[in-house]
Amino acid sequence: MASSMDLADVPSVDLMTELLRRMKCANKPDKRLILIGPPGSGKGTQSPIIKDDYCLCHLATGDMLRAAVAAKTPLGIKAKEAMDKGELVSDDLVVGIIDEAIKKPSCQKGFILDGFPRTVVQAEKLDEMLGKQGTKIDKVLNFAVDDSILEERITGRWVHPSSGRTYHTKFAPPKVSGVDDVTGEPLIQRKDDTAAVLKSRLEAFHRQTEPVIDYYSKKGVVAELHAEKPAKEVTAEVQKVLSS
């Protein structure tokens with residue numbers, strides 16, 4: 001809890017902005033969402049929009065694990081022990097960290113889970129934990145895109161390393177091929193953005209997550225998005241799904 005001194009140091013405009021945000025959020029329905037989609041499917045584009053529209057917190061399990069380790073929470077200490085031994089962090093530990101996170105005020109209206117669950121066992125453990133709180137997953141947004149479209153999206157990406165500016169050979173090419181528009185410095189392709197790396201990532205994604213999609217389909221909560229469409233059309237589709 002922030003002390004009155006802490007609040008006294010916060011600029012008025014920031015306080016008013018936060019107060020207005022909370023008033024707007026008070027009327028929003030609670031949403032507990034899972035985003036599933038392969039690399040390049042547009043989850044990263046849509047997630048902040050959904051977060052802001054519905055006043056949700058965004059839970060990326062990798063970031064949460066690192067934060068728990070840094071904060072030396074009891075679960076974070078256990079996670080660090082596993083990491084130091086080169087072991088995978090157990091599903092129970094990850095679910096415990098999610099359980100801690102969703103009790104924070106920023107998650108009061110619900111959450112977006114991204115990157116979890118990756119297996120049916122994880123999905124079952126997550127549902128069990130939510131069930132104990134009297135809640136459940138409301139929607140699983142499946143960002144479905146054909147692998148060939150993803151290959152075109154990802155292998156065409158080029159980056160200006162120092163600024164982070166991104167280009168695409170087809171969809172957003174630089175003025176001069178291979179060169180940053182602003183500085184004239186050379187562009188690079190990330191090593192993960194090659195066809196060979198993408199192929200193995202997609203194979204792993206399909207193998208792991210298709211059973212998870214089937215699991216939630218049986219519960220009637222999966223919404224299939226046409227994620228190959230332009231971002232604005234996908235946003236409209238997401239809004240339609242979440243308002244129904």
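Predicted model: local features only at pLDDT ≥ 70, side-chain atom pairs only at ≥ 80, totals over all residues.
Residues are numbered from 1 along each chain as its sequence is written, and side-chain values use heavy atoms, with hydrogens and water left out.

The protein chain has ten helices and seven strands, where helices (H or I, at least four residues) and strands (E, at least two) are DSSP runs numbered from the N terminus. Along the principal axes, the C-alpha atoms fill a box of roughly 55 × 45 × 45 Å. Of the 244 residues in the chain, 38% are buried, a term that stands for under 20% relative accessible area, with exposed meaning over 50% and partly exposed in between (1.4 Å probe, protein chains only). The chain exposes about 14,300 Å², of which carbon and sulfur atoms supply 56%; accessible areas come from the Shrake-Rupley method with a 1.4 Å probe, and for residues only the protein chains shown count as cover.

Strand β3 (residues 110–114) is largely enclosed by the rest of the structure, because five of its five residues are buried. Gly 110, Ile 112 and Asp 114 point one way from β3, whereas Phe 111 and Leu 113 point the other way. In a regular strand, side chains alternate between the two faces of the sheet. Two strands are taken to pair if DSSP finds at least two bridges between them. β3 runs parallel to β1, to which five bridges join it, and Phe 111 of β3 is the bridge partner of Arg 32. Strand β2 (residues 57–60) also pairs with β3 in the parallel sense, over four bridges, with Ile 112 of β3 as the bridge partner of His 58. β1 pairs in turn with strand β4 (residues 139–144), in the parallel sense and over four bridges, and here Leu 141 of β4 is the bridge partner of Leu 35. Five bridges in the parallel sense then link β4 to strand β7 (residues 222–226), where His 226 is the bridge partner of Ala 144.

Pockets were located on a 1 Å grid over the protein atoms alone, a pocket being an open set of points, where a 1.4 Å probe fits, with protein on both sides within 12 Å along at least five of seven lines, and lining residues having an atom within 4 Å of a point. Grid points are joined across faces, edges and corners, and a volume is the space filled by probe spheres set on the points. The largest pocket has a volume of about 860 Å³. Its lining comprises 38 residues, of which Pro 39, Gly 40, Ser 41, Gly 42 and Arg 157 lie nearest the centre. Elements that give two or more residues to this lining include β1 (31–36), α8 (147–155) and α9 (195–217), but α3 gives the most, with four residues. By residue class, the lining divides into 16 nonpolar, eleven polar and eleven charged residues, where Ala, Val, Leu, Ile, Met, Phe, Trp, Tyr, Cys and Pro count as nonpolar, Asp, Glu, Lys and Arg as charged, and the others, Gly among them, as polar.

The second largest pocket holds about 360 Å³ of space and is lined by 15 residues, with Arg 21, Cys 25, Cys 55, Pro 105 and Ser 106 nearest its centre. The largest share of this lining, six residues, comes from α2.
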